[in-house]
Amino acid sequence: MQRKQHLFIPGPTPVPPAVRAAMVRPLIGHRSCEFASLQRSLVKKTKQVFQTENDLFIFTSSGTGALEAAVTNSLNPGDKVLALITGQFGQRFAAIARQCGAEVEALEFPWGKPVDVKKVTERLVQGPQPKAILLTHNETSTGVVNDVASIGALVKNTPVLLLVDAISSMGAMDIRTDDWGVDFMITGSQKAFMLPPGLAFLSVSAKGWAQIETVRPRSFYFNLEAWQQSGAQGFSPWTPNVSLLFGLEAALDQLLAEGLEQVWARHGRWARAVRAGLTAMGLKLVAEDEWASNTVTAAYVQNGRADELRATLERDFGLCLAGGKGELSDSVIRMGHMGYVDELEILGSLAVLELGLKRQGYPVHLGAGVAQAQKLIYQEG
Ligand SMILES: Cc1ncc(COP(=O)(O)O)c(C=O)c1O
């Protein structure tokens with residue numbers, strides 16, 4: 001039998017049948033009235049997920065494109081930027097800003113821990129004031145969630161801009177773009193939006209626009225003024241991936257039909273079940289409960305052969321987990337549990353993980369992790 005691949009990586013995630021079916025619809029012209037009405041409706045629905053009234057753009061690119069769009073449109077070369085870094089994706093956001101010519105000051109926190117808001121407060125009081133703060137909401141390399149609301153409160157009524165990477169959390173968690181004062185909010189399609197990779201989303205606040213007007217655009221593709229002009233007509237300036245947009249319509253309809261609060265609650269339940277399961281197997285979690293992600297969980301494999309374990313799981317059971325990045329290379333497994341995932345898959349993946357650990361000689365009691373996860377799912381209904 002050809003093995004199925006069961007995607008438990010933090011993106012790309014499984015794509016629901018209705019979304020797959022929508023993507024094979026015959027193409028429509030990207031300058032047609034039908035397209036304009038589709039794009040307008042997609043923007044409106046995506047704003048509900050972002051909890052924003054700000055302008056919102058849908059790019060044909062991966063999430064990194066939208067990170068770069070936010071940076072190149074809001075910063076001039078030499079502008080001072082404070083990058084709050086809790087892992088690999090925070091480092092990458094800083095690298096994008098550096099490459100675009102910003103003067104980046106990195107405020108780093110230990111991997112597995114969130115941003116310490118007190119330290120950020122002290123840094124801002126001390127000065128000099130940065131032009132912008134870069135923050136990763138859900139640090140996918142460690143499974144840590146950062147407190148965007150508190151950082152937002154520090155800068156909301158100041159000229160400092162807040163750029164937030166919510167690529168691995170938007171759609172799965174309660175993210176309040178406007179209440180939290182986020183000027184540039186970014187996400188991508190291949191995670192909780194349940195789509196293949198290829199779309200990225202960016203919202204821009206009024207404060208963000210005021211800054212954009214002072215910046216000489218350095219990206220042609222991602223020139224936000226061009227996107228705004230075309231967006232006003234219901235179009236995108238360049239040819240969009242229409243098939244993915246059909247898929248987005250189906251995915252958003254699915255999310256909104258379930259209800260965003262229910263979707264967020266479901267992600268919380270899956271995360272708690274996975275955390276209970278992994279702990280009962282004897283694996284140590286990278287993030288503590290207090291700041292643990294609802295979409296991705298990283299756990300140490302004590303014998304330090306995490307990549308070998310992942311290879312076994314993929315070869316023998318078709319279970320695809322992600323590995324450690326940077327300083328966590330080969331010492332952790334990362335399990336994505338977002339988007340189109342149900343109880344059966346959560347429990348099945350834990351059962352198979354136990355088998356893989358056992359085959360690797362790890363002292364695991366078969367069923368111990370599954371039992372804890374079952375108990376949690378049973379209790380939480
Ligand atoms: C937090 C975060 N930022 C950025 C990225 C990069 O996104 P993409 O690969 O879609 O460009 C990822 C992808 O995993 C991510 O999880």
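How far apart do the C-alpha centres of domain 1 and domain 2 lie? I looked this up in the model, which is predicted, and found 28 Å between the two centres.

**Domains.** I took the bounds from the domain assignment, which gives domain 1 as 17-257 and domain 2 as 259-380. I then listed the contact between the two and found 21 residues from domain 1 and 22 residues from domain 2. On the side of domain 1 that touches domain 2, I noted 10 nonpolar, nine polar and two charged residues.

**Helices 10 and 13.** I next checked helix 10 (residues 260-280) against helix 13 (residues 368-380) and found that their axes come within 7 Å and cross at roughly 150 degrees. I recorded the crossing of helix 10 past helix 13 as right-handed.

For the contact itself, I listed Arg269, Arg272, Ala273, Val274, Ala276, Gly277, Leu278 and Ala280 on helix 10. Facing these, helix 13 supplies Ala368, Gly369, Val370, Ala371, Gln372, Ala373, Leu376, Ile377 and Glu380. I sorted the residues of this helix contact by class and got 11 nonpolar, three polar and three charged.

**Ligand.** Last, I looked at what surrounds the ligand and found 13 residues. I noted the closest as Ser62, Gly63, Thr64, Thr140 and Ser168.

Technical notes: Residues numbered from 1 in each chain as written. Predicted model: local features only at pLDDT ≥ 70, side-chain atom pairs only at ≥ 80, totals over all residues. Near = placed C-beta within 6 Å. Axes fitted to C-alpha atoms, helices over the stretch in contact; angles between N-to-C directions. Helix = DSSP H or I, 4+ residues; strand = E, 2+ residues; numbered from the N terminus. Left-handed = near helix turned anticlockwise from the far one by under 90°. Contact = placed C-beta atoms within 7 Å. Nonpolar A, V, L, I, M, F, W, Y, C, P; charged D, E, K, R; others polar. Domains from an automatic or database assignment.
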